[in-house]
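Here are my notes on the model, point by point. Please read them with the sequence and the coordinates open.

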Amino acid sequence: MFCWQCEQTAKGTGCVSAGVCGKDPRAAALQDLLVETTKGVAMYAHRARQVGGPEARDPEVDLGVIEALFTTVTNVNFDADRLADLVRRTAELRARARARYEAACAKAGCAPETPAGPAVLVPAGDLEGLVRQGEGLEIPRRIAADGADVVGLQELVLYGLKGAAAYVDHAQILGREDPALYAFFHETLDALTRPATVPELLALALRVGEANLEAMELLDAANTGAYGHPVPTKVRITPRRGKAILVSGHDLRDLAVLLEQTAGTGIQVYTHGEMLPAHGYPGLHRHPHLAGNYGGAWQDQRREFDEFPGAILMTTNCIQRPKESYRGRIFTSGLVAWPGVTHVANRDFAPVIRAALAAPGFAEDGPDRTIMVGFGGQAVLGVAGAVVEAVRAGRIRHFFLVGGCDGAETGRDYYTRFAEAVPKDCVILTLACGKYRFHKLDFGEVAGIPRLLDVGQCNDAYSAIRIAGALAEAFGTDVNGLPLSLVLSWYEQKAVAILLTLLHLGVRNIRLGPRLPAFVTPAAFRVLAEKFNVMAITTPEQDLAAILGRPA
């Protein structure tokens, strides 16, 4: 196997015997094959739209492409049998897309093309045959043929698409779709089957960033349309006495349905990881048995789930190999899968509820401790006038966006130390699970507002972009002219998509860590550094000194 799509890839170069995430070689090969067959679907879907226009669209094909990409995001699906089924399903979708294309050509009176490569790959008839096909697609073979710079940038584009696919999938679950976004996925996957130069791939990556901005906007509208705009909310971070269910991942719809199904059962529902911002949504917070948040970021789940005395529901990505101690009370939903773990279909959470009622639950209430969430775009923009005045009066000196993915990699304590060292006349905005590095610390207030503002999940980077845009307009400048610095942590492909969005918007001087992506070669990174001044983090002291213009 070979996989380098996440920040924790082995030795900073690539996982070759087993994934640091827990992915085994068979799952890795099947994921590579799933991506390849998905490119084949896109080749026909893109051509169908070129010839037949929007009428040639097949919603089932659109969704299949998005779900296939999301399935291959880090920490989503580790189940070889389910991955094999998805490969076969994708081949069926390719046949549908081909039929649409040929029908469009017949209607237009033109001869259809006969694309090759992924468009004609025939999946093997058995699991081991599929694995062998996937092994033949590994990245080192492509590097030997096309060079590391080109292959690395192809993967940058692909990983950005994977991240954006996650947001598009969440939005469509809540009923929000944009056919133009589906068309972009098809066009871009088709482009990845063709020869391309480094400049062409860099330009394509920025287009992925633009599409991801639209995807995040779509998801923001879906979330706020379903559950209201987030408002500043205190969240309990200690348990309440009673039976309990813990919900991790990102899927607000899963949480909402579970809250409805557990109403009146006496079960307390807790969030974990990236589900923490759910408490800020009025439509979710209204449930009295949404009891609080338990634990921290995804990488601590094996210890935290082991200690949690109830059932656990893992939505979307971030699952790790379960310990035997809780394997019987952890469940997956949506696209998430782990071999041997019970999967809940169609949001019928009865098995989860039964497991919670059978578990001991919390014996007593914990001490009353809370943190604040809910500082989304609308909440912060509502006090934008006061913030602008505080900046002009010198009461607020600088804004720092410190956030992104958390992980187990050594060196991530940088973000704790950086946040602690930020001067008291500065404001810290944060989002995604990187917040767990410091969100329980007391930062106090400045100019009448909290110094730490939790904007939300990773996709709520859209809210942060709106906030920055509004401040830039108020000051008569662009984002790069604001007293604002971005210090970001990354782990998986949604963070890649967000980075590409920021670069598409022309944001400069981003600091990125804890390590730079293995798939971006030094030559490619130099181009990004020259154009956008993207840089690696150093130490909190040096970086703060450079940002604020004072000696380290």
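**Notes on the model**

1. Strand E3 (residues 268-271) pairs with E4 in the parallel sense, over three bridges. Within this pairing, Tyr270 has Gly292 in E4 as its bridge partner. Two strands are taken to pair if DSSP finds at least two bridges between them. Helices (H or I, at least four residues) and strands (E, at least two) are DSSP runs, numbered from the N terminus.

2. The model is predicted: local features need pLDDT of at least 70 and side-chain atom pairs count only at pLDDT 80 or more, whereas totals for chains, interfaces and linings use all residues. Residues are numbered from 1 along each chain as its sequence is written, and side-chain values use heavy atoms, with hydrogens and water left out.

3. E3 and E4 belong to an open sheet of six strands, in the order E4-E3-E2-E5-E6-E7, with parallel pairing. E4 and strand E7 (342-344) are the edge strands, each pairing on one side only. On average, neighbouring strands of this sheet are turned by 30° against each other, direction ignored. Helix H9 (residues 252-262) packs on the sheet and touches strand E2 (244-248), E3, E4, strand E5 (311-314) and strand E6 (330-333). The direction of H9 makes about 165° with that of E3. Contact here means heavy atoms within 4.5 Å; axes are lines fitted to C-alpha atoms, for helices over the stretch in contact, and angles run from 0 to 180 degrees between N-to-C directions.

4. A separate pairing is that of strand E1 (residues 233-236) with E8, antiparallel over four bridges. Arg236 has Thr370 as its bridge partner in E8.

5. His439 lies in the loop between strand E10 (426-431) and strand E11 (445-446). Its relative accessibility is 7%, so His439 counts as buried. Leaving aside neighbours within four places in sequence, His439 is in contact with Leu276, Ile371 and Leu452.

6. At what angle do helix H2 (residues 59-71) and helix H7 (residues 179-191) pack? The angle is about 65°, and the axes are 10 Å apart. Their crossing is left-handed, a term used if the near helix is turned anticlockwise from the far one by less than a right angle (right-handed if clockwise). From H2, Val61, Asp62, Val65, Ile66 and Leu69 meet Tyr182, Phe185, His186 and Leu189 of H7. The residues of this contact divide into seven nonpolar, one polar and one charged. In this scheme Ala, Val, Leu, Ile, Met, Phe, Trp, Tyr, Cys and Pro count as nonpolar, Asp, Glu, Lys and Arg as charged, and the others, Gly among them, as polar.

7. Rings of Phe, Tyr and Trp (its six-membered ring) pair if their centres lie within 6.5 Å; planes under 30 degrees apart count as stacked, over 60 as edge-to-face and the rest as tilted. By this rule there are 17 aromatic pairs. In one of them, the ring centres of Tyr294 and Phe362 are 6.0 Å apart and the planes are at 50°, so the pair is tilted. Tyr294 is in the loop between strand E4 (290-293) and helix H11 (301-307), and Phe362, 68 residues away, is in the loop between helix H12 (350-358) and E8. Tyr294 counts as buried at 15% relative accessibility, and Phe362 at 12%.

8. The rings of Trp490 and Phe519 have their centres 6.1 Å apart and their planes at 85°, so this pair is edge-to-face. Trp490 and Phe519 are both buried. Phe2, Trp4, Tyr159, Trp490 and Phe519 form one aromatic cluster.

9. Lys494 is found in helix H17. Is Lys494 buried or exposed? Lys494 is buried, with a relative accessible area of 2%. Beyond neighbours within four places in sequence, Lys494 is in contact with Gly163, Ala166, Tyr167, His250, Asn317 and Cys458.

Conventions:
Buried means under 20% relative accessible area, exposed over 50%, partly exposed in between (1.4 Å probe, protein chains only).
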